[in-house]
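Reader: I would like to learn how to read a model like this one, feature by feature. Could you take me through it?

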Amino acid sequence: MSDHAQQQLHSLVLSAELNSENENIEQLGPIIKSIYDTERQEAFLEQLATFVRKKEGEIERMCNSNYQEFVHSVDQLLKVRQGTVNLKNKIIDLNYDLQKSGKKVAAKKKELIQTRKIQKNIDEAVGTLQLCLNVLDMANRVNYLVEERKYYSALRTVHLRKVIQYEFAKHMHESIPVMQNSVKDAVTKEMKEWLFRVREVTRQVGKLAMEQMRLRQERWKVKVSKNPDLRSVPVSSPIEIVMNEENEFNIINNKEVQIDFKPLYQCLHIYEELGKLNEFKSNYEEDRKAQANLVLSESYTLRENNDKGFEAFLQDVVGFFVIEHVIVHSTQNFRSRAEVDHLWDTVIAKVVKIVAESLDDCRDPELFKQIKFNLFTFIQTLEDYGYNINSFIDLVRTVFQKYSDMLKHKFSVDFHQTIIDDDYMPMQVSFREEYEAVVDACWFKENHRISQGFPKTLPFSQAYPSCCLDIKNFVNQYYQFAEDDSKRYSYVDDIVQRTLDHLLIDHVDGALRGKLQSTNMSQIVQIIINLEYFEGACGELEKLLKAKRSSHRGGNIKLYAIDEFRETRKKAEKRIFELVNSKIDDFLELADYDWAPASCQKHPSPFLQDMVGFLGALISSTLYNLPVSIKTFIYFDALSHLATSIRDLILNPGVKRINSNAIMNFDLDVTFLENFARGLEDPNIADAFLELRQIVTLLRADNVEEYLDPSLRNRKYSHLRPTDVVNLFEKWLKDQTVISMDQDERAKRRAMEGVVRSLRFSTKE
């Protein structure tokens with residue numbers, strides 16, 4: 001065996017000595033493997049045998065050295081064994097005695113247990129009998145509790161769970177539904193009676209609720225008067241509720257009304273206990289719908305100017321929904337807000353229809369004010385209880401529109417009568433008080449043309465201040481009716497604006513427009529003056545409406561009547577033109593011009609003198625009060641018409657020839673007319689005769705060929721058309737004979753002929 005193998009075996013043995021409790025299998029494996037690999041098995045076995053003999057010698061030596069101690073230990077063990085045997089015998093004897101005594105105890109124990117079982121059965125029997133007696137006693141109390149209206153106690157009295165196994169309990173259990181139905185019927189009957197009592201006090205509840213709202217409104221008006229900053233804060237707003245220290249009034253429990261909701265709550269509780277809450281909710285819903293229909297079925301009329309039925313109807317509706325409000329907020333899982341709102345929408349749609357139809361029967365404005373007051377209190381009361389009032393918007397609009405139409409009808413009659421009765425003459429005022437009343441009524445501002453002192457003559461007629469006063473009264477009455485509602489409903493302002501426009505257009509402007517067919521020029525002139533003042537009044541009315549409207553609304557107010565007045569005034573001016581031109585035509589029919597006189601006249605034509613005299617009288621009297629701008633238009637139109645008519649006389653195909661004397665006379669007439677026109681308020685009016693003056697200038701010109709010069713023609717003869725010039729020159733040439741002409745006249749004739757040829761040639765081109 002090699003030294004290496006011996007060394008490994010020695011290490012393994014040493015390790016075994018140090019770790020005697022461990023088997024060094026892991027170390028032995030590699031050694032054995034190494035022995036087999038080197039084929040030294042025999043050598044290893046010999047070495048191993050030597051190792052074993054060595055260890056046996058060591059063991060023998062160790063035993064020899066401890067032999068006495070070993071013997072002593074064996075003697076002690078023998079003594080212990082003898083003691084153990086004695087103890088075992090004693091234990092056996094003791095166990096025998098114990099078994100004998102235990103049999104007697106067990107027998108007594110068995111007797112005791114049996115006795116206790118009997119006692120327990122007796123106790124259980126007594127308890128069961130007592131429980132059954134209690135159940136029977138409670139069953140007997142049910143009828144008594146029902147009679148005493150202690151329904152919930154009656155339902156909760158009988159409990160059969162502990163005795164349900166007994167036959168009598170089974171019979172009682174079968175009768176419980178009958179008892180529950182009797183309790184349900186009893187509370188339902190009380191509920192129906194309660195609903196009837198509630199129906200009887202509903203109107204009183206509504207009356208108290210509306211009275212409380214009126215008191216709040218009055219108190220709030222006092223606060224607003226003391227603090228204008230609160231003007232835009234409505235009643236029922238959070239600010240008003242906080243500031244209203246007297247807002248704690250119990251509508252359903254006061255000196256006049258006491259509603260006990262116990263039957264409702266009791267019925268609700270019983271049905272809930274019976275598991276039939278949905279049935280109760282459905283029945284209650286149907287009953288309340290039936291009561292709502294009863295409220296809606298009560299008829300009233302406003303034809304006899306009595307609003308008591310109308311007010312009672314509103315009180316019924318308010319009372320109905322106030323009670324619903326209380327029920328919603330005092331119960332749980334019974335009446336939801338959505339259910340009440342659904343009933344509200346159904347009822348209010350019918351209420352709006354009934355009220356709107358009844359308003360058609362009212363013709364008295366004062367009664368209408370009371371109706372509006374009650375209706376708005378009704379709406380605000382319901383809003384205060386949390387109901388949606390959007391359904392009333394159209395009804396409120398209808399209320400204001402109907403009142404506006406009522407005022408419109410009233411004032412339209414007054415306007416129509418005022419226009420008919422007007423004398424269409426300038427108004428005379430004799431006293432200062434009367435003058436100040438007129439100024440205050442119609443926004444009149446005195447100018448320098450008004451006479452000083454009294455009596456005064458005002459430019460407009462009596463109709464104008466009368467209409468203005470009626471218009472102011474209309475606006476004031478409407479806004480007295482509206483009070484502060486324009487803050488809440490913007491269309492309040494729009495309605496009065498629209499109605500006022502209709503009044504002015506249909507009944508003032510329309511009436512004045514109908515008068516324009518008159519041939520009375522003084523009347524037409526006065527209508528023009530009145531229309532001008534009505535135009536100015538529209539501007540003042542716009543300011544008045546803007547001052548009356550709610551302060552939170554901006555923007556301008558536009559009355560379309562001002563455009564209608566302006567259009568009617570233009571038609572009236574046109575009518576004046578027609579009448580003046582008709583008079584001028586009458587004078588022109590008297591014109592008897594001689595276009596080939598033998599001599600020149602020294603004075604203007606007589607018909608023109610008469611016409612100018614007429615126009616002068618017309619200007620100084622009939623047209624005197626007209627504004628300068630309107631008079632200027634009338635003058636210019638009339639004189640233009642006159643100039644056109646005179647031009648047509650000389651250009652008339654019936655006039656075959658014209659001589660120089662006729663031109664001299666024509667020049668005299670034109671000069672006469674020009675001087676008259678220059679004497680008017682606007683000297684430019686004389687331009688109406690500019691064409692006539694250019695005709696005279698051209699026919700009397702030494703050099704007629706200058707008409708062919710464009711620059712000269714535009715400067716001197718801009719109003720003369722070439723065809724008219726040809727017409728005039730041909731008439732002039734027909735009256736001239738070459739034999740009687742001097743050299744200058746022949747030259748002028750040749751020049752005229754040349755101009756005619758040139759103009760005809762240019763016309764053909």
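This is a predicted model: local features need pLDDT of at least 70, side-chain atom pairs count only at pLDDT 80 or more; totals for chains, interfaces and linings use all residues.

Reader: How many cavities of 30 Å³ or more does a search of the whole structure find?

Author: The general idea is that rolling a probe the size of a water molecule over the atoms shows where empty space is left. A cavity is a set of points, on a 1 Å grid over the protein atoms alone, where a 1.4 Å probe fits but cannot get out, and lining residues have an atom within 4 Å of a point. Grid points are joined across faces, edges and corners, and a volume is the space filled by probe spheres set on the points. In this structure the search finds two cavities of 30 Å³ or more.

Reader: Which residues line the largest cavity?

Author: The largest cavity holds about 60 Å³ of space, and its lining consists of V580, L615, L618, I619, L623, I634, Y635, A638, L639, F676 and L680. Two elements give two or more residues to it, helix 19 (606-622) and helix 20 (628-651); these are DSSP runs numbered from the N terminus, helices being H or I with at least four residues and strands E with at least two. Helix 20 gives the most, four residues.

Reader: Is L618 buried or exposed?

Author: L618 lies in helix 19 and counts as buried because its relative accessibility is 7%; buried means under 20% relative accessible area, exposed over 50%, and partly exposed in between (1.4 Å probe, protein chains only). Leaving aside neighbours within four places in sequence, L618 is in contact with M521, V580 and L623, where contact means heavy atoms within 4.5 Å. The C-alpha atoms of L618 and M521 are separated by 9.4 Å, although the two are 97 residues apart along the chain.

Reader: Which residues have the most contacts inside the largest nonpolar core?

Author: In soluble globular proteins, nonpolar side chains tend to be buried together. A nonpolar core is a set of buried Ala, Val, Leu, Ile, Met, Phe, Trp, Tyr and Cys residues joined through side-chain atoms within 4.5 Å. The largest one has 186 residues, and those with the most contacts inside it are L375, F378, F392, L504, L639 and L642. Beyond its neighbours within four places in sequence, L639 is in contact with residues including L615, F676 and L680.

Reader: What is the phi of N333 near?

Author: Most residues other than glycine have a negative phi, and most peptide bonds are trans. Phi of N333 is near 60°, a positive value in a residue other than glycine. N333 sits in the loop between helix 10 and helix 11 (337-359), and counts as exposed because its relative accessibility is 61%.

Technical notes:
Residues are numbered from 1 along each chain as its sequence is written. Side-chain values use heavy atoms; hydrogens and water are left out. On a 1 Å grid over the protein atoms alone, a cavity is a set of points where a 1.4 Å probe fits but cannot get out, and a pocket is an open set with protein on both sides within 12 Å along at least five of seven lines; lining residues have an atom within 4 Å of a point.
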